[in-house]
Every structure is written in structure tokens, then in C-alpha cells.
Amino acid sequence: MLNVLAPALLLLNGLAAGVLLGTQLGGFPYLASLPTDRYVHAHAFFGQRYDPAMPFCLVGTVVLDAVLAVGTADTAARTLFAAAGVLAAATALISVTKNAPVNRWMRTVDPEHLPEDFRDPRREWGAWNHRRSLLTITALVVNCAALGFLL
């Protein structure tokens with residue numbers, strides 16, 4: 001069972017961590033540099049592509065971490081899988097409550113006719129994205145350490 005679940009866990013957690021690292025290295029710095037109207041258009045473009053994939057990767061990571069934490073006899077590995085699952089769950093919680101609502105809203109805003117009360121979400125969105133990036137990358141490191149105890 002470990003031979004199937006461990007690679008799937010690393011794949012899903014690695015994809016999520018890779019996407020979020022990419023947003024830290026290039027995606028968000030690019031968005032932050034744009035004038036507001038171009039930012040709205042670009043944010044909507046990115047959001048509609050990442051939003052369908054990221055929940056699958058994060059929920060899959062949480063589920064597989066839970067299964068491995070329960071099903072692994074090694075105490076250190078079990079503890080690390082559980083910790084990684086909590087980190088991935090925290091990422092999912094931030095995504096659902098902080099980042100995804102902004103992504104959905106941005107897809108409804110017309111960049112050519114910004115509302116007069118438009119409040120640029122970049123600073124807050126970027127801060128929450130940074131937090132979830134750190135959590136997901138840390139979860140991947142912890143998952144790798146857990147698997148190290150099982151090799």
C-alpha cells in the first residue's frame with residue numbers, strides 16, 4: 001500500500017508546493033507590478049487556471065497524509081505524516097477563506113470599468129498567498145522526512 005500512496009502523496013503535495021512556489025517567484029511579483037486594470041485582467045486569468053487544480057492537490061495531500069499517519073507503524077513517520085497533513089489542511093483553509101474568494105471576485109470585475117469603490121486586494125491576497133506557500137512547502141519537506149523513516 002505504501003508503494004502506491006507515498007508516490008501519490010509526493011506528487012500531489014509537490015504539485016501544490018510547486019504552484020505556490022511559482023506564484024512567489026514570478027506570478028505574484030508580476031501581478032504586483034501591473035497597473036490596476038491590467039492586474040485585474042491577469043489575476044482573473046491566473047485564478048481560473050489554478051483554482052480547479054489546487055483543491056484536488058491539497059485535499060489529496062490531506063487525505064493521503066491522514067491515511068499514512070493512521071496506517072504507518074513507525075512512530076516518527078506517523079507523527080510527521082500527521083504534522084504534514086495539518087500543514088496542508090491549514091493551506092486549504094487559507095485558500096478557501098482568503099485567496100479563493102478574491103480569485104472568484106476578480107473574475108467578475110471588468111478591468112475596463114473598475115467599480116468606483118474598487119479596493120485593490122494585492123497586498124492582503126499576497127500576504128495570505130505567502131503564508132500558504134510556506135505551509136505547503138513545509139508540508140512537502142515534512143512528508144519527505146516522514147518517508148525517510150520508512151525507506
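Leaving aside neighbours within four places in sequence, Ser-133 is in contact with Leu-20, Thr-23 and Gln-24. In this predicted model, Ser-133 lies in helix H4, which covers residues 122-150. The relative accessible area of Ser-133 is 2%. Since buried residues are those under 20%, Ser-133 is therefore classed as buried.

The protein as a whole contains 4 helices and 0 strands, and its elements follow the pattern α-α-α-α along the sequence. The C-alpha trace spans about 60 × 20 × 20 Å along its principal axes. Of the 151 residues in the protein, 39% are buried. The accessible surface comes to about 8,200 Å², and carbon and sulfur atoms account for 68% of that surface. When contacts between residues at least 6 apart in sequence are considered, 82% join residues at least 24 apart.

The packing of the helices was examined for H1 and H2. Helix H1 comprises residues 2-33 and helix H2 residues 36-71. Their axes are 9 Å apart and form an angle of about 155°. Angles over 145 degrees count as roughly antiparallel, so H1 and H2 are assigned to that class. The crossing of the two helices is left-handed. By residue class, the contact of H1 with H2 has 22 nonpolar residues, together with 4 polar and 2 charged residues.

Methods
Residues are numbered from 1 along each chain as its sequence is written. This is a predicted model: local features need pLDDT of at least 70, side-chain atom pairs count only at pLDDT 80 or more; totals for chains, interfaces and linings use all residues. Side-chain values use heavy atoms; hydrogens and water are left out. Axes are lines fitted to C-alpha atoms, for helices over the stretch in contact, and angles run from 0 to 180 degrees between N-to-C directions. Angles under 35 degrees count as roughly parallel, over 145 as roughly antiparallel, 65 to 115 as roughly perpendicular and the rest as oblique. A crossing is left-handed if the near helix is turned anticlockwise from the far one by less than a right angle, and right-handed if clockwise. Ala, Val, Leu, Ile, Met, Phe, Trp, Tyr, Cys and Pro count as nonpolar, Asp, Glu, Lys and Arg as charged, and the others, Gly among them, as polar. Buried means under 20% relative accessible area, exposed over 50%, partly exposed in between (1.4 Å probe, protein chains only). Contact means heavy atoms within 4.5 Å. Accessible areas come from the Shrake-Rupley method with a 1.4 Å probe; for residues, only the protein chains shown count as cover.
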